[in-house]
Amino acid sequence: MFKIGIVGLGQVGKSTVFRILMHAQGSPSPLGKPEARVGVVRVPDPRLDRLAEMHQRRKTVHASIEYVDTPGSIIDLARKGEQAALLREADALAHVLRAFQDESSAAPGGHFNPARDIENVELELMLSDLAAVEKRIERLEKDLKKQKSPALENEYQILRASKETLEKQTPLRECAFPKEQERAIRGFAFLSAKPVLYVLNVGEKDAGRTGAPEELAAGMGIKPRPKTSVAAVCGTIEAELAELGDAEAGEFLASYGLKESAISRMVRSSYQLLGLISFFTVGDNECRSWTVRAGATAHEAAGEVHSDFQKKFIRAEVVKFEELAAAGSLAEARSRGMVRLEGKEYVLDDGEVVYFRHSA
Ligand SMILES: Nc1nc2c(ncn2[C@@H]2O[C@H](COP(=O)(O)OP(=O)(O)O)[C@@H](O)[C@H]2O)c(=O)[nH]1
Ligand SMILES: [Mg+2]
């Protein structure tokens with residue numbers, strides 16, 4: 001499962017965002033470390049809801065993402081080797097930024113400056129990576145004296161390029177590594193290489209603008225950068241929202257000029273940021289959505305569903321969600337010739353409904 005670390009400076013609303021995410025679905029489980037919490041959130045997808053309606057199976061299972069609430073400030077975490085593991089394990093970071101006035105806070109006049117907070121945090125992430133890179137380079141140079149291998153040479157090149165990038169104060173996520181090195185880079189778990197979702201935690205007066213987070217961000221001097229995106233929530237309003245039933249929640253949102261909870265938007269943005277796509281299966285018992293990286297083949301997708309489907313893969317029957325929905329049933333889609341037979345190497349598109357044919 002893909003994992004997102006909720007990070008930020010102290011007292012910015014990390015735990016508030018985490019609680020809101022969790023309230024809707026399931027309760028968080030303690031991680032054994034003070035304040036650190038992990039919880040699972042399902043990815044809302046109206047296409048899956050429609051499939052479930054069409055097929056009337058017993059169960060509907062949404063794809064899900066794991067969120068980790070990190071304690072204290074990300075700056076302290078990045079400096080502590082041991083607790084930094086909380087950050088390193090994450091596939092992406094949700095960086096919560098204080099964008100609400102708070103007279104009670106230590107900040108002078110309760111002022112906030114998310115653009116400056118981003119700069120400060122980025123710098124810490126880069127320093128932490130630079131220290132890690134230098135240590136590895138030193139060790140690798142010793143190893144290379146004893147023995148040369150293509151794997152070590154490759155690692156050495158990646159580390160040299162990373163060091164140069166960091167010394168220019170550029171986060172590693174902005175460095176274009178060749179495709180075949182991307183997996184190795186992920187293996188290093190560099191903090192500044194992780195995609196970031198900036199979560200602006202705004203005050204009530206800006207709540208009506210959370211539907212247009214890019215505008216809000218631009219107004220606060222936050223510039224768009226590669227492999228980052230921005231979402232906005234109002235912690236206080238969302239916390240109230242979580243207490244309401246569906247009908248009341250709708251009215252409450254409308255009273256702020258909002259159409260949907262910022263939380264579903266936030267989950268969807270995380271999903272896009274990670275470069276993930278969904279495919280669907282309709283089985284005898286359940287309709288289900290699954291998560292794979294964009295570019296995954298039918299063979300890889302089969303492995304997500306069941307290791308046997310992958311081992312005994314014959315063909316995948318594939319139909320676009322929109323075509324299936326228009327046809328009204330799988331049988332009708334087949335008779336209209338919309339269902340294709342694809343082989344192992346077929347690259348899935350977001351929103352395809354797949355039936356895996358496999359041998360016994
Ligand atoms: N006014 C206001 N206060 C908030 C908002 N979100 C969080 N807070 C308050 O800020 C403080 C810190 O929140 P918390 O979620 O514990 O922050 P963390 O330290 O980043 O986990 C708490 O007192 C919250 O009630 C918000 O949107 N508006
Ligand atoms: Mg907290």
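Biologist: Let's start with Lys-227: how many other C-beta atoms lie within 10 Å, and is Lys-227 buried, partly exposed or exposed?
Modeller: Lys-227 has 16 other C-beta atoms within 10 Å, so it is partly exposed. The cut-offs are 20 or more other C-beta atoms within 10 Å for buried, 12 or fewer for exposed, and partly exposed in between, with C-beta atoms placed from the backbone. Before we go on, this is a predicted model: local features need pLDDT of at least 70, side-chain atom pairs count only at pLDDT 80 or more, and totals for chains, interfaces and linings use all residues. Residues are numbered from 1 along each chain as its sequence is written, while chains are lettered from A and ligands numbered from 1 in the order in which they are written.

Biologist: Thanks! Where is Lys-227 placed, and what is its phi?
Modeller: Lys-227 sits in the loop between α8 and β8 (228-233). Its phi is positive, about 55°, although Lys-227 is not a glycine. Most residues other than glycine have a negative phi. Helices (H or I, at least four residues) and strands (E, at least two) are DSSP runs, numbered from the N terminus.

Biologist: And what about Gln-11, what is its phi?
Modeller: Gln-11 is not a glycine, yet has a positive phi of about 60°. Gln-11 lies in the loop between β1 (3-7) and α1 (14-24). Because 15 other C-beta atoms lie within 10 Å, Gln-11 is partly exposed.

Biologist: Switching to helices: at what angle do α5 and α6 pack?
Modeller: Helix α5 (residues 114-146) and helix α6 (residues 150-167) pack at about 145°, with their axes 9 Å apart. Axes are lines fitted to C-alpha atoms, for helices over the stretch in contact, and angles run from 0 to 180 degrees between N-to-C directions.

Biologist: Which residues make that contact?
Modeller: Among them are Met-126, Leu-130, Val-133 and Ile-137 of α5, and Leu-152, Tyr-156 and Leu-159 of α6. Two residues are in contact if their C-beta atoms, placed from the backbone, lie within 7 Å. The residues of the α5 contact with α6 divide into ten nonpolar, one polar and five charged. Here Ala, Val, Leu, Ile, Met, Phe, Trp, Tyr, Cys and Pro count as nonpolar, Asp, Glu, Lys and Arg as charged, and the others, Gly among them, as polar.

Biologist: How many residues of α10 are buried?
Modeller: The count is zero among the ten residues of helix α10 (residues 246-255), which is hardly covered. Gly-257 follows α10 and has a positive phi, near 75°.

Biologist: Is Ala-207 buried or exposed, then?
Modeller: Ala-207 counts as buried because it has 23 C-beta neighbours inside 10 Å. Ala-207 is in the loop between β7 (196-202) and α8 (213-219). Setting aside residues up to four places away in sequence, Ala-207 touches Val-202, Cys-234, Ile-237 and Tyr-256.

Biologist: Last one: where is Val-43, and what does Val-43 contact?
Modeller: Val-43 is in the loop between β3 (37-42) and α2 (46-55). Apart from neighbours within four places in sequence, Val-43 is in contact with His-62, Ala-63, Ser-64, Ile-65, Val-267 and Tyr-271. With 19 other C-beta atoms within 10 Å, Val-43 is partly exposed.
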